[in-house]
Amino acid sequence: QVQFVESGGGLAQPGGSLKLACSASGFTFNVYAMGWWRQTPTKERELVARVRSTGSPIDYADSVKGRFTISRDNIKDTVYLQLNRLKADDTAVYYCNAVDFVHSTPVFGSWGPGTQVTVSS
């Protein structure tokens, strides 16, 4: 059974940083590209970062480029997202999933609970 468990969210001030982690299980992690998505109550789920199974190449949404860094540990079956220079617009629930790198779509239909990131002074 495919499972994702996201962690590391919380409250941060504008300009601050957070590091998210997503532990994956139920599939062969090291053969899949992985991605981080985010969603707010008023917006559709948005892919913000993705990384190939080998760790590169990496791609980011324009809205987070230069501020977020995705990485992965194929030993721990975990993907990370470092969030720097946070803005209020980054407030969202963040999710991970395996990603079809070509089509930018999630591979699996099941999602984890997500981790809430709130950016506010």
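Ring pairs join Phe4, Phe27, Phe29, Tyr32 and Phe108 into a cluster. Two rings of Phe, Tyr or Trp (its six-membered ring) pair if their centres lie within 6.5 Å; planes under 30 degrees apart are stacked, over 60 edge-to-face, and the rest tilted. By this rule there are eight aromatic pairs. The model is predicted: local features need pLDDT of at least 70, side-chain atom pairs count only at pLDDT 80 or more, and totals for chains, interfaces and linings use all residues. Residues are numbered from 1 along each chain as its sequence is written, and side-chain values use heavy atoms, with hydrogens and water left out.

The rings of Phe4 and Phe27 have centres 5.7 Å apart and planes at 55°, so this pair is tilted. Phe4 belongs to strand β1 (residues 3–7), while Phe27 lies in the loop between β3 (18–25) and β4 (34–40), so the pair ties together parts 23 residues apart in sequence. Strands (E, at least two residues) are DSSP runs, numbered from the N terminus. Both Phe4 and Phe27 are buried, that is, under 20% relative accessible area with a 1.4 Å probe, protein chains only.

Phe4 also pairs with Phe108. This pair is tilted, at 6.4 Å centre to centre and 45° between the planes. Phe108 lies in the loop between β10 (105–106) and β11 (115–119) and Phe4 in β1, so the pair ties together parts 104 residues apart in sequence. Phe108 is buried, as is Phe4.

Charges also sit over rings (NZ of Lys or CZ of Arg within 6 Å of the ring centre and within 35 degrees of the ring normal). The charged end of Arg72 sits over the Phe29 ring, 4.5 Å from its centre. That of Lys19 sits over the Tyr80 ring, 4.8 Å from its centre.

Conventions:
Helices (H or I, at least four residues) and strands (E, at least two) are DSSP runs, numbered from the N terminus. Buried means under 20% relative accessible area, exposed over 50%, partly exposed in between (1.4 Å probe, protein chains only).
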